[in-house]
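Notebook open, model loaded. I'll jot down what I look up as I go.

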2 protein chains.
Amino acid sequence: MKIAILGTGMVGQTVATALAAKGHEIIVGTRDPVKSKAAAEPNKYGMPGFGTWHQANQGIRVGTFAEAAAFGEVVFNASNGGTTLETLGLAGRDNLAAKVLVDLSNDLDFSKGMPPTLAVRDEAGAGLGERIQAAFPNVRVVKALSTMSAFVMVNPAIVAGGESTVFLSGDDAAAKTVVHGILQSLGWTDILDLGGIATSRGVEMLLPIWLSLFGVLGQKPYNFKVVR
Amino acid sequence: MKIAILGTGMVGQTVATALAAKGHEIIVGTRDPVKSKAAAEPNKYGMPGFGTWHQANQGIRVGTFAEAAAFGEVVFNASNGGTTLETLGLAGRDNLAAKVLVDLSNDLDFSKGMPPTLAVRDEAGAGLGERIQAAFPNVRVVKALSTMSAFVMVNPAIVAGGESTVFLSGDDAAAKTVVHGILQSLGWTDILDLGGIATSRGVEMLLPIWLSLFGVLGQKPYNFKVVR
């Protein structure tokens, strides 16, 4: 499958590498491909700069957000939640039309320091997934994988102690079926469809406790499971 | 142990019955004991009216919020989140002083119909547990058990598929130890201390996805687990 990943950070790199390894044709979209390919400094989490990563993954194409969106049959939004609507605007309404958009992002506010706070409250339409769907009505938005670290997204087996849960929210059933298949290929077995995109607001609201758990559990892989 | 339960609804009834069965001395606090004892109509979930419940549980005392708070060494807040601060005011600052207050409540807004929305956003001090602690600084607030149905609170074994998680948040370590012991006596094994009362804000923000899950899973018992 032709898959575009919008975003060059830890999530974008990790998902691109994993999906390429599954045999998909991947393009990573960035604001400035030349600048991104030259980025050598590791980030604060120790992930390599995107240029360093790309040296090791030369089979993966890099293009502008627009080139990536035009190429992908499925588009993963791995951009910063705070800039996602701008990123999707650069990707282009026509390039995204009728595509499946897997939204991995979280609308975190880093302006008051660490830990960030979640800029979502529980009002109809106030979630980021909902705002993306409203701004791009002909895009088939599916919220998924936003509730865990990038390493768990692509390798659920690293969480010890049982199979954890990945949530799906989206208005388009066929789009959710496509994403379900991709998730299965990554090893997910407990894929829980919550309903329409409005349910992604509650999914996004898991982030504050996720951040508290990071404080308690640190680098130990963890994830939520709905036991039932 | 002398335990007060503030609130006569489904949560109050269920917790009172379960803790009485463990041998604790229980008093249920209500705004108007005479009126509460006369309430015979079942609620919309099929729970008996409080008066009917009390007929079957005559060993459990009923008093005003203030009488209950004065009696209890540990006080469970099972009142409506929207009226909790008023309830605690009626319970009385002096009656609550230095007590362990286990806050089970959720700040849900039912004014726009069902499902309710959560009146909490991710800003320092904006959670209900945090607001209770700020309003009653000499009360030892511990947020716990607010993330599940009343039936699961007192009987975690009814959730099939593995032991689920109960979270603890509070600024007073000794108070958390007291609550930890009560939780163990109810059958809890995965008791996860997240830290200070500020962490209860993220715990409270689980409610929107809990409500979505109720839509998908219905009456089937379920709960969150942090797999790690």
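Before anything else, my terms: helices (H or I, at least four residues) and strands (E, at least two) are DSSP runs, numbered from the N terminus. I also note that this is a predicted model, where local features need pLDDT of at least 70, side-chain atom pairs count only at pLDDT 80 or more, and totals for chains, interfaces and linings use all residues. Residues are numbered from 1 along each chain as its sequence is written, chains are lettered from A and ligands numbered from 1 in the order in which they are written, and side-chain values use heavy atoms, with hydrogens and water left out.

I started with B:Leu145, in the loop between β8 and α8 (150–153) of chain B. B:Leu145 is not a glycine, yet its phi is positive, about 70 degrees. Is B:Leu145 buried or exposed? It is buried, at a relative accessible area of 5% (buried means under 20%, exposed over 50%, partly exposed in between, with a 1.4 Å probe and protein chains only).

In chain A I looked up A:Ala98, in the loop between α6 (93–96) and β5 (100–103). A:Ala98 also has a positive phi of about 70 degrees without being a glycine. A:Ala98 is partly exposed, at 49%.

Next, the peptide bonds: A:Met114 to A:Pro115 is cis, omega near -10 degrees, and B:Met114 to B:Pro115 is cis too, with omega near -10 degrees. A:Pro115 sits in the loop between β6 (108–109) and β7 (117–118) of chain A. I flagged these spots because most residues other than glycine have a negative phi, and most peptide bonds are trans.

**Entry: the sheet in chain B**

I traced an open sheet of eight strands, in the order β3-β2-β1-β4-β5-β8-β9-β10, with mixed pairing (two strands pair if DSSP finds at least two bridges between them). β3 (61–64) and β10 (190–195) of chain B are at the edges with a single partner strand each, so one side of each has no neighbour in the sheet. From one strand to the next, the twist averages 25 degrees (axes are lines fitted to C-alpha atoms, for helices over the stretch in contact, and angles run from 0 to 180 degrees between N-to-C directions).

How many bridges join β5 to β8 of chain B? I found four, and the two strands run parallel. B:Val102 stands opposite B:Val142 in β8(B).

Helix α1 (residues 10–21) of chain B packs on the sheet and touches β1, β2 and β4 of chain B (contact means heavy atoms within 4.5 Å). The direction of α1 makes about 170 degrees with that of β1(B).
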